[in-house]
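Dear colleague,

Here is the structure I said I would pass on. My notes on it follow below.

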Amino acid sequence: MVLEIDSSRGEGGGQMVRTSVALATLTGTTTRLTRIRENRPTNGLSKQHTTAVNAVATMTGSKVTGNYIGSSELLIEPGHDQVTDISMDIGSAGSISLVIQATMLAARNYTSPFTLDLVGGTNIMWAPPVDSYPMVLFPLMKRMGINAELEILERGFYPIGGGHVKLKMDPIGRIEPLALDDLGQLKGLHGICFVQHLSDRIGSDMIEACKHVFEPQYDIDIQFQRTEGTSRGAGMVLVAEYENGILSSNVLSSKGHSPQQSGLDAASDLLQEMSAGSTVDIHTADQLLPYMAMAEGKSSFIVSRISKHLLSQMDTLESFLDVRFGVERKDDGYHFSVNPGEGN
């Protein structure tokens, strides 16, 4: 039996592809994806999508048909291998973070540590910065019993890429549920501002503008990092750390967008999440959701708004796993419950 998934549903982008391929191998479900990225300006698979699919196939010994740039259809026939050491080059500034999402999920049943050596884009538009993994996602996953580490060896920006990271993930046993109903007291604000092959002034202007937004109500400690690499760019990742959770925001410098405005945007985005009643920021929620769906019990969280990525992730997870999602709109945001073992 083949599970058919219309990839134009929901967010209609690469996330459904990455999650579906990983879950197909994880659950042993032969899966056909159709109409991939049909509603996007460039239809079909891009380089970062084919790299993610290839990585999962290599890890698991799965057979994949249709994995080429521009392809609108994929057939995944799951294998049962556990290849624990993978090295890959996206060959562009395609997002390293998005490839990591698929491989981590595919490694859920590994009985030995998994390592991934990956070259591509570390900080690019429309994708989580790699910094958000050690700063936000991994600490939250650790509370679920999942241990992962990420080393950033070189940063890669659009259009050249050339970033280099190494991921190490311990075998995942029982996944504990994660209840994020109340953040508790704020412990502190911190962040990182990185500059590569650009003037240090760009970084200092971003930091100064960012701090100006938080003062005098909050102090924030922002580390300045000058890096070397083949590409050039700058950006910032900010974190609000609470007793029970973490909120974050990020920004990249770009032409026509001053460093000061970038710093203001990053600070304003984080302040908005802090004041909205969220317990998980909108960019982290869809990344945590698959692990909540496989946990041994009910998880919960609050988001300020429901993104298309989150809706798409829910749709995909329900196609493969026995899970039920609940959503209730309240004054402080959208309250989500994740109920494994209660699907239809």
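What is the order of the strands in the open sheet of four strands? The order is β10-β9-β11-β12, and the pairing is mixed. Helices (H or I, at least four residues) and strands (E, at least two) are DSSP runs, numbered from the N terminus; two strands pair if DSSP finds at least two bridges between them.

This is a predicted model, in which local features need pLDDT of at least 70 and side-chain atom pairs pLDDT 80 or more, while totals for chains, interfaces and linings use all residues. Residues are numbered from 1 along each chain as its sequence is written, and side-chain values use heavy atoms, leaving out hydrogens and water.

At the edges of the sheet are β10 (220–227) and β12 (246–252), each of which pairs on one side only. Strand β11 (residues 233–242) runs antiparallel to β12, and seven bridges join the two. Met236 has Val251 in β12 as its bridge partner.

Helix α6 lies across β9 (186–196), β11 and β12 (contact means heavy atoms within 4.5 Å). Its direction is at about 160° to β12 (angles run from 0 to 180 degrees between N-to-C directions, with axes fitted to C-alpha atoms, for helices over the stretch in contact). Helix α5 (residues 200–214) packs with α6 (residues 259–276) at an angle of about 40°, the axes being 7 Å apart. Among the residues making this contact are Met206 and Phe214 of α5 and Leu264 and Leu271 of α6.

Elsewhere, Ile100 touches residues including Leu116, Tyr133 and Val165, leaving aside residues up to four places away in sequence.

Regards
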